[in-house]
Amino acid sequence: MKIFFSRNYDSSRLTEEDLTPVSLREAMEKTREALDVAYAGFDNAVDVDMIDSYIYEINSLQKRYKHLTDLAALEPSAEAERSCQHSPIRALVSHVFG
């Protein structure tokens with residue numbers, strides 16, 4: 001018995017991966033959306049292996065989201081920087097101490 005395998009590649013499905021850098025906010029939004037999808041999948045899973053899979057995925061995404069929020073906490077916000085630059089106290093200190 002001969003079995004022939006043919007490989008039909010759909011060239012329309014082959015796309016170049018987008019490697020442009022994303023902002024921290026975009027990464028947090030995408031992670032939050034993925035977390036929502038994982039929770040929905042977990043809620044609808046009936047197979048034990050799928051439930052385990054969703055548990056691991058949810059834990060992974062939660063850790064990623066926590067890491068991103070920790071990075072966001074370390075990053076000074078643009079609003080805070082602008083308010084400090086135009087602060088009257090900052091102007092006084094820079095005037096006094098030159």
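Arg-32 and Asp-36 are both placed in helix α1 (residues 24-44), 4 residues apart and thus about one turn of the helix from each other, where helices (H or I, at least four residues) and strands (E, at least two) are taken as DSSP runs numbered from the N terminus. The model is a predicted one, in which local features require a pLDDT of at least 70 and side-chain atom pairs are counted only at pLDDT 80 or more, whereas totals for chains, interfaces and linings draw on all residues. Residues are numbered from 1 along each chain as its sequence is written, and side-chain values rest on heavy atoms, with hydrogens and water left out.

The chain contains 4 helices and 0 strands, and its pattern, read along the sequence, is α-α-α-α. Of its 98 residues, 13% count as buried, a term that denotes under 20% relative accessible area, with exposed denoting over 50% and partly exposed the range in between (1.4 Å probe, protein chains only). Among contacts in the chain with a separation of 6 or more, 53% are accounted for by residues 24 or more positions apart, contact being defined as heavy atoms within 4.5 Å.

Side chains of opposite charge can pair when their charged atoms come close. The structure holds 2 salt bridges, each defined as a side-chain nitrogen of Lys or Arg within 4 Å of a carboxyl oxygen of Asp or Glu. In one of them, Arg-32 is joined to Asp-36, with 3.6 Å between the closest N and O atoms. Arg-32 counts as partly exposed because its relative accessibility is 37%, and Asp-36 is likewise classed as partly exposed, at 42%. A salt bridge also links the side chains of Lys-66 and Asp-70, at 3.1 Å from N to O. Lys-66 and Asp-70 are separated by about one helical turn, because they stand 4 residues apart in helix α2 (residues 48-74). Asp-70 has a relative accessible area of 36% and is therefore partly exposed.

Arg-32 also lies over the face of Tyr-65, at 5.9 Å from the ring centre, the criterion being that NZ of Lys or CZ of Arg is within 6 Å of the ring centre and within 35 degrees of the ring normal. Aromatic pairs number 0 under the rule that rings of Phe, Tyr and Trp (its six-membered ring) pair if their centres lie within 6.5 Å, with planes under 30 degrees apart counted as stacked, over 60 as edge-to-face and the rest as tilted.

Thr-31, which lies in helix α1, is buried because its relative accessible area is 3%. Its side chain is joined to that of Arg-64 by a polar contact of 3.1 Å, a term for a pair of N or O atoms within 3.5 Å in which, within protein, one must be able to donate a hydrogen and the other to accept it, residues adjacent in sequence counting only if both atoms are side-chain atoms. With neighbours within four places in sequence set aside, Thr-31 is in contact with Leu-61, Arg-64, Tyr-65 and Leu-68.

Ala-34, in helix α1, is 27 residues from Leu-61 in sequence and 7.5 Å from it in space, C-alpha to C-alpha.
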